[in-house]
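Dear colleague,

I am passing on the structure below, and after it you will find my notes. Please read them alongside the coordinates.

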Amino acid sequence: MKLLRVDMTSHQTRWEAMPEIYQHLGGRALIARLMLEEIPATCDALGPHNKLIFSPGLLGGAGVTAAGRLSVGGKSPLTGGVKEANAGGTGGDTLGRLGIKAIVVEGQPKQGEFHLLHIKGDAAELLPADEVRGLGTYATSEKLQAQFGADCLVISIGPAGEFLMRGAGIASTGEREQRSNHAARGGLGAVMGSKGLKAVIIEKPFGNAIPFADAKLVQTAARAFAQKLINDPKLGTQGSQHLYGTASIVAAVNEMGSLPTRNFGSGIFEQAADLRGEHMREVILAREGKIGTRCMPGCVIACRNQYVDEAGMPVVGTMQYETIALVGSNLGISSLDDVARLNYSCNDFGLDTIETGAALGVAIEAGLAEYGNMESIVALLNQVGEGTVTGRMIGNGAVTTGQVLGIRRVPAALGQAMPGYDPRSLKGNGVTYATSPQGADHTAGNAFGARKEVNPLGIQGQKELSLKLQIIAAMLDSTGLCLFARPPILADPQLMVDMLNGIYGWGWTKEDYDRANREVLRAELEFNRRAGLTQADYRIPEYMREEPLAPHNVVFDVPDAELDAVFNTL
Ligand code: SF4
């Protein structure tokens, strides 16, 4: 196992053997440890002392279904703390099969200089990026695949990342012609832009697979895991996740009164039926688009779709719940065609749809556009790609937009916009937003799936639920496993322990595994402490504690003392 260092100041690359202390770490866990060891926590997130780290999860390259996500991390320019965001696609599998535990991008070139990092086997070199400079992520990956081979992996930023906008994410190619897998959150696209790195191109290895310590053990566990996913009524071929994708939850989130609507002004959207996953499926099938596609080879859930226009031409793939909520109901938009259009533009500019949807909602509240008026919203969003002053405000996220426009209703915690669940009526998520070292991020511990276990409107049990979910999220992000594939591992953690032991021969027990997952959060909390973040920085905004949310007329009322006690038992 090896690590690639890329020095953007000197334009040099060098391989290092992976130090022993990092051998048990992958993805988010490795990023947290490297950040603690190597990044001064108080550094400027867009300066030369921050680092951008790419790392596959521990299962990357092992051929386990739904386990090839690629983690990207570094100090976040949005939260000022630790950030890990991960993307589907073929990144985790490719790096895993090449034996690359991490690519660490360091230093900073002269202002305005942009490079490509090209990796082929043991060769890694920086090349000029002039040909793709200023292009959107779609055109960038198309052009680079035409140059380096249709099968190569391309990880890139769009204009938002080049402009160092804090709402910028990082796009990765996926199975076949897919170009829209995003490590979207936390402004890591701006960190990549600050390194002068437009794209990473990795030529995929043929036939490589990571060696197994005990092939029988890993294969038995991996087969049992895949079979459980296939048999799961929500995930198998008749399951809602496969049939409707993540949009399957639009109706349920609306019914529970948690669907962000008009800048988080209500939890219920009167036209939510038009945004439902079931409706989206009907539209896509009627127009001969695609349903049940995969972001990575071998995923048995296959949750993705390709949304097409009335003429059957592809618009965007895949359209996900969070995007539907943030650039749909949150902007008063009820047409899936309109959501798809906004989704495409965000993807192409290289923007996080959550951060951008929230920023647009704040801008609409300030009068810069109108709810439900596509023309006015598109006019605002297009300015991000043009790099106008207004566009830079939107591209820098919800908090910046609120500050510039004098709006105090900004749905954000730790500087990062909230995803598609209002914390007033899904209080478990509120606890996660207000305590996670990752800021307001549903993937850090989403309580939506546990709404039948713990009353989403009550306070009781939320602290314990959030901690449990945050530990699970750390596990998923460190192994490269997709969030949607977690049910079998939750029911039987031994499956994961067997897969890890089968691959690496560690002889871990379930207790070792649990300890490792908790350690991820400890390392991240320590980084944020060193960065100077205090409990006050994490809080849910004051207005959400005072302004009741329809239809339940609830505020976020989990006491600060409860929030401060979440990690007492970590
Ligand atoms: S469930 Fe969906 S997002 Fe997850 S790995 Fe499979 S296709 Fe990708």
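Between which two strands does the loop that holds E175 lie? E175 sits in the loop that runs from strand 10 (170–172) to strand 11 (181–183), where strands (E, at least two residues) and helices (H or I, at least four) are DSSP runs numbered from the N terminus.

Before going further, please note that this is a predicted model, in which local features need pLDDT of at least 70 and side-chain atom pairs count only at pLDDT 80 or more, while totals for chains, interfaces and linings use all residues. Residues are numbered from 1 along each chain as its sequence is written, and side-chain values use heavy atoms, with hydrogens and water left out.

E175 has a relative accessible area of 17% and is therefore buried, a term that means under 20% relative accessible area, with a 1.4 Å probe and protein chains only. Leaving aside residues up to four places away in sequence, E175 touches T90, R294, C295, M296 and P297, contact meaning heavy atoms within 4.5 Å.

Turning to the helices, T323 belongs to helix 10 (residues 321–327), and T323 is buried because its relative accessible area is 6%. With residues up to four places away in sequence not counted, T323 touches G328, V339, N343 and T353.

Helix 16 (residues 427–435) is mostly covered, with 9 of its 9 residues buried.

For the chain as a whole, the secondary structure amounts to 23 helices and 17 strands, and the C-alpha trace spans about 55 × 50 × 50 Å along its principal axes. Of its 570 residues, 64% count as buried, and among contacts between residues at least 6 apart in sequence, 69% join residues at least 24 apart.

With best regards

Key
Buried < 20%, exposed > 50% of the residue type's maximum accessible area, 1.4 Å probe, protein only.
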